[in-house]
Amino acid sequence: MVSFAPGTASGGGTGGNVSVGAGRTDGSAGNKCKLQVNAPLSKDILGDVIGLDGPGVACWECGTQGHYKGECALAWGRLGRPLPGWDKNGKKKPGDWNKAEPKRKTYGAWVKFLEDVGNFPAGGAEFLALTDAPDLDRFKERARSAPL
Ligand SMILES: [Zn+2]
């Protein structure tokens, strides 16, 4: 089994486009990235700058490859809580993106979204301790410095 032991996250992050090994492709993180518990982490949902490579298997919710069910834009849309940069039907909102990266305002919406106990009833999103997975500080940093 691949371990996703807590406390192994590097913290600051180094750019995002870092492979985190076979653990991301065997689906085991899919069981850990839970809807309304864990913060999304795949680049398919978050964009190329802070997102990680997604799983090599189709999402259990929408059937698209590149993200887990727990971070699925369609799954969140069905809850009536569309993800920042996405509409309730799981489609990207072009006005919220600069090509492959969310706009600065969209990262700002992410920070609010992740801290919202309506979205994450345990008191805000829990960040998976995967190597180079984005944490709240990473979202906040992009909310200050990403292109408008
Ligand atoms: Zn999906």
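1. Is Pro 102 buried or exposed? Pro 102 counts as buried, because 29 C-beta neighbours fall inside 10 Å of it and the cut-off for a buried residue is 20 or more. This proline belongs to strand β2, residues 101–102. Setting aside residues up to four places away in sequence, Pro 102 touches Gly 47, Pro 84, Gly 85, Asp 96, Trp 97, Tyr 107 and Ala 146. One of these, Pro 84, is 18 residues from Pro 102 in sequence, and the two C-alpha atoms are 8.7 Å apart.

2. Before going further, a word on confidence. This is a predicted model. The mean pLDDT of the protein chain is 85, with 79% of its residues at 70 or more. Over residues 1–27, however, the pLDDT is below 50. That stretch still has 51 contacts in the model beyond near neighbours in sequence.

3. On the overall layout, the protein chain has five helices and two strands. Read from the N terminus, their order is α-α-α-β-β-α-α. The chain has 148 residues, of which 35% count as buried. Among contacts with a separation of 6 or more, 61% join residues 24 or more positions apart.

4. How do α4 and α5 lie relative to each other? Two packed helices are described by the angle between their axes and by the distance between those axes. Here the axes of α4 (residues 104–115) and α5 (residues 136–145) come within 7 Å and cross at roughly 150°. α4 is therefore roughly antiparallel to α5, as angles over 145 degrees count as such. The crossing in which α4 passes α5 is left-handed.

5. Which residues make up this contact? From α4 come Arg 104, Tyr 107, Gly 108, Trp 110, Val 111 and Leu 114. From α5 they meet Leu 136, Phe 139, Lys 140, Arg 142 and Ala 143. By type, the residues of the contact divide into seven nonpolar, one polar and three charged. Tyr 107 of this group is also among the residues that Pro 102 touches.

6. Leaving aside neighbours within four places in sequence, Val 111 is in contact with Phe 139, Lys 140 and Ala 143. The C-alpha atoms of Val 111 and Phe 139 are separated by 6.2 Å, although the two residues are 28 apart along the chain. Val 111 counts as partly exposed because it has 17 C-beta neighbours inside 10 Å.

7. The loop between α4 and α5 holds two residues to look at, Glu 126 and Asp 132. Glu 126 has 15 C-beta neighbours inside 10 Å and so counts as partly exposed. Apart from neighbours within four places in sequence, Glu 126 is in contact with Val 37, Asn 38 and Ala 39. Its C-alpha atom is separated by 9.4 Å from that of Leu 136, ten residues away along the chain. Asp 132, by contrast, counts as buried, because 21 C-beta neighbours lie inside 10 Å.

8. Where does the backbone call for a second look? Most residues other than glycine have a negative phi. Asp 132 has a phi near 65°, a positive value in a residue other than glycine. Gln 36 also has a positive phi, near 65°, and is likewise not a glycine. Gln 36 lies in the loop between α1 (28–32) and α2 (43–46). With 15 C-beta neighbours inside 10 Å, Gln 36 counts as partly exposed.

9. Lastly, Lys 88 sits in the loop between α3 (73–78) and β1 (97–98). What does Lys 88 touch, not counting residues up to four places away in sequence? Its contacts are Gly 77 and Pro 82. Lys 88 and Trp 76 are twelve residues apart along the chain, and their C-alpha atoms are separated by 7.4 Å. Lys 88 is partly exposed, because 15 other C-beta atoms lie within 10 Å.

Terms used. Residues are numbered from 1 along each chain as its sequence is written. This is a predicted model: local features need pLDDT of at least 70, side-chain atom pairs count only at pLDDT 80 or more; totals for chains, interfaces and linings use all residues. Axes are lines fitted to C-alpha atoms, for helices over the stretch in contact, and angles run from 0 to 180 degrees between N-to-C directions. Helices (H or I, at least four residues) and strands (E, at least two) are DSSP runs, numbered from the N terminus. Angles under 35 degrees count as roughly parallel, over 145 as roughly antiparallel, 65 to 115 as roughly perpendicular and the rest as oblique. A crossing is left-handed if the near helix is turned anticlockwise from the far one by less than a right angle, and right-handed if clockwise. Two residues are in contact if their C-beta atoms, placed from the backbone, lie within 7 Å. Ala, Val, Leu, Ile, Met, Phe, Trp, Tyr, Cys and Pro count as nonpolar, Asp, Glu, Lys and Arg as charged, and the others, Gly among them, as polar. A residue is buried if 20 or more other C-beta atoms lie within 10 Å of its own, exposed if 12 or fewer, and partly exposed in between; C-beta atoms are placed from the backbone. pLDDT is the predictor's confidence in each residue, from 0 to 100.
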